[in-house]
Amino acid sequence: MASERVADMTVEELKAIIAEVVNQQIGEWMNYLNNSALISPGYYMLPKRTEEEQHQRNQALLEWHRKWVEEGDEEEQRETFEYLQKALDEDRLSNRPLFPKQ
């Protein structure tokens with residue numbers, strides 16, 4: 001197989017080589033993801049939690065929420081929310097506020 005100098009190749013030949021390399025690399029990445037996840041080709045999914053694991057996470061979240069409601073300081077929460085509103089509106093890419101004044 002003869003090698004052709006890159007400088008002697010046409011733009012179309014270079015595009016074809018680049019496309020082939022990119023397709024090959026993407027194929028290798030997808031094979032790795034699919035093989036590591038042990039699922040059908042073209043998809044990658046995170047492992048699912050067991051029912052018991054999900055139940056434990058739900059219970060922990062409910063406990064956290066219960067404590068938050070019981071220990072919450074209304075004035076502090078209001079001040080925190082006002083601060084967050086201001087901070088989020090100041091740092092937006094859009095000129096439209098995230099929390100419009102009513």
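Guide: Start with E63, which counts as partly exposed because its relative accessibility is 33%; that class lies between buried, under 20% relative accessible area, and exposed, over 50% (1.4 Å probe, protein chains only). This is a predicted model, in which local features need pLDDT of at least 70 and side-chain atom pairs count only at pLDDT 80 or more, while totals for chains, interfaces and linings use all residues. Residues are numbered from 1 along each chain as its sequence is written, and side-chain values use heavy atoms, with hydrogens and water left out.

The side chain of E63 meets that of R66 in a salt bridge, at 2.3 Å from N to O. A salt bridge here is a side-chain nitrogen of Lys or Arg within 4 Å of a carboxyl oxygen of Asp or Glu. Side chains of opposite charge can pair when their charged atoms come close. E63 and R66 are three residues apart in helix α2, so about one helical turn separates them. Helices (H or I, at least four residues) and strands (E, at least two) are DSSP runs, numbered from the N terminus. R66 is also partly exposed, at 35% relative accessibility. The pair belongs to a network of salt bridges that links E63, R66 and E70.

The structure holds four salt bridges. One of them joins E75 and R78, with the closest N and O atoms 3.8 Å apart. E75 and R78 lie three residues apart in helix α3, again about one helical turn. E75 is partly exposed at 41% relative accessibility, and R78 is partly exposed at 41%. Another salt bridge joins K15 to E12, where the closest N and O atoms are 3.9 Å apart. K15 and E12 are three residues apart in helix α1, so they too are separated by about one helical turn. E12 counts as exposed because its relative accessibility is 54%.

The loop between α2 (51–71) and α3 (74–90) is the place of D73. D73 is partly exposed, with a relative accessible area of 41%.

Of its 102 residues, 2% are buried.
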